[in-house]
Amino acid sequence: MIKIAPSILSADFAQLGKEIIDVEKGGADYIHVDVMDGHFVPNMTIGPLIVEAIRPVTELPLDVHLMIENPDQFIPDFAKAGANIISVHAEACTHLHRSIHLIKENGVKAGVVLNPATPVSAIQHIIHDVDLVLLMTVNPGFGGQAFIPAVLPKITRVRELVSETGREIDVEVDGGVNPVTAKQCIEAGANVLVAGSAIYNSPDRGNAIASIRGTV
Ligand SMILES: O=C(CO)[C@H](O)[C@H](O)COP(=O)(O)O
Ligand SMILES: [Fe+2]
């Protein structure tokens with residue numbers, strides 16, 4: 001089952017509620033929320049207040065991607081705001097095991113994210129504890145960047161690692177996903193596809209979602 005997670009980074013922020021309802025009606029499975037702090041990545045975006053504001057707008061799970069330093073400091077705030085999944089970057093966590101368990105103690109599904117340059121071995125010790133592995137297919141920080149095809153073999157390696165656990169763990173990809181690169185990611189082993197510009201820059205979001213899922 002392929003799930004599509006539109007990234008609201010490319011939505012019209014002046015009409016955020018409407019933009020979320022539009023993709024929910026269009027068949028989205030998760031709403032992907034990109035949190036950036038201007039330190040871990042060279043951009044600033046959304047905080048817990050916005051997550052709290054959009055929580056009543058949709059019944060879809062809020063998939064919160066933390067691109068921030070010291071994520072432990074803000075995990076409880078995002079959980080209280082209504083996040084369903086919180087993912088932290090392995091590169092941003094001094095004690096990754098502690099951060100993953102802090103997410104779970106706050107009653108939220110836990111994800112770990114790898115930048116394109118970070119090897120899969122960085123999450124080998126934590127794979128039994130996570131609900132989701134997110135592989136960046138661009139360098140994080142901005143929407144609308146080009147997909148990095150060198151990440152494809154990593155998707156397959158993570159899928160193998162997940163299979164060895166015998167648990168259901170989402171393998172999600174994020175960055176430069178469009179109908180062409182989505183097909184490559186699915187073939188490599190991904191089952192959750194984040195897409196921002198490919199969905200929100202399309203006048204028909206339902207059609208864009210179906211094209212990325214590969215059902216039209
Ligand atoms: O985490 C992200 C950027 O750091 C975004 O989720 C991602 O870039 C989505 O945008 P697009 O589909 O336009 O590449
Ligand atoms: Fe993201």
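Author: Let us begin with one residue and its contacts. This is a predicted model. Beyond four places in sequence, Asp 34 is in contact with Ser 7, Leu 9, Thr 45, Ile 46, His 65 and Met 67. Asp 34 is found in strand S2.

Reader: Is Asp 34 buried or exposed?

Author: Count the C-beta atoms around the residue. A residue is buried if 20 or more other C-beta atoms lie within 10 Å of its own. Asp 34 has 24 within 10 Å, so it is buried.

Reader: Which residues does UniProt list for "active site"?

Author: The unreviewed UniProt entry lists Asp 34 and Asp 174 under that heading. The two are spread over 141 residues of sequence, yet they cluster in space, with a largest C-alpha distance of 10.5 Å.

Reader: Where does Asp 174 lie, and what is it in contact with?

Author: Asp 174 lies in strand S7. It is buried, because 26 other C-beta atoms lie within 10 Å. Leaving aside neighbours within four places in sequence, its contacts are His 65, Leu 134, Met 136, Thr 137 and Val 194. Look back at Asp 34: His 65 is among its contacts too.

Reader: Now the ligand. How many residues surround ligand 1, and which are the closest?

Author: The shell around ligand 1 holds 23 residues. The closest are Ser 7, Pro 140, Gly 143, Gly 196 and Ser 197. Two or more residues each come from strand S2 (31-36), strand S3 (62-67), strand S8 (192-195) and helix H7 (197-200).

Reader: What is the make-up of the shell around ligand 1?

Author: Sort the residues by class. The shell around ligand 1 has 9 nonpolar, 12 polar and 2 charged residues.

Reader: Which residues does UniProt list for "binding site"?

Author: The unreviewed entry lists Ser 7, His 65, Gly 141, Phe 142, Gly 143, Gly 144, Asp 174, Gly 175, Gly 176, Gly 196 and Ser 197. Take two of these in turn. Ser 197 is in helix H7. It has 18 other C-beta atoms within 10 Å, so it is partly exposed. Not counting residues up to four places away in sequence, Ser 197 touches Ser 10, Gly 143 and Gly 144.

Reader: And where does Gly 176 lie?

Author: Gly 176 lies in the loop between strand S7 (170-174) and helix H6 (179-188). With 25 other C-beta atoms within 10 Å, Gly 176 is buried. Its contacts beyond four places in sequence are Thr 137, Val 138, Gln 145, Ala 146, Phe 147 and Thr 181.

Reader: How many bridges join S2 to S3?

Author: The parallel strands S2 and S3 are joined by 6 bridges. Within this region, Met 36 stands opposite Met 67 in S3. Strand S5 (residues 109-114) and strand S6 (residues 132-136) also pair in the parallel sense, over 4 bridges. There, Val 112 has Val 133 in S6 as its bridge partner.

Reader: How do I read the two faces of a strand?

Author: In a regular strand, side chains alternate between the two faces of the sheet. In S3, Leu 62, Val 64 and Leu 66 lie on one side, and Asp 63, His 65 and Met 67 on the other. All are buried, and both faces are covered. Since 6 of the 6 residues of S3 are buried, the strand is largely enclosed by the rest of the structure.

Reader: Which residues is Ile 86 in contact with?

Author: Ile 86 is found in strand S4 (residues 85-89). Beyond four places in sequence, its contacts include Val 64, Leu 66, Ile 75 and Phe 78.

Reader: Last, how are packed helices described?

Author: By the angle between their axes and the distance between the axes. The axes of helix H5 (residues 152-165) and H6 come within 8 Å and cross at roughly 35°. Leu 152, Ile 155 and Thr 156 in H5 meet Gln 184, Cys 185 and Ala 188 in H6. The residues of this contact are 4 nonpolar, 2 polar and no charged.

Note on methods:
Residues numbered from 1 in each chain as written. Chains lettered and ligands numbered in written order. Predicted model: local features only at pLDDT ≥ 70, side-chain atom pairs only at ≥ 80, totals over all residues. Near = placed C-beta within 6 Å. Nonpolar A, V, L, I, M, F, W, Y, C, P; charged D, E, K, R; others polar. UniProt positions renumbered as here; feature names shortened; annotations may be inferred. Buried ≥ 20, exposed ≤ 12 C-beta atoms within 10 Å, placed from the backbone. Contact = placed C-beta atoms within 7 Å. Pairing = 2+ DSSP bridges. Axes fitted to C-alpha atoms, helices over the stretch in contact; angles between N-to-C directions.
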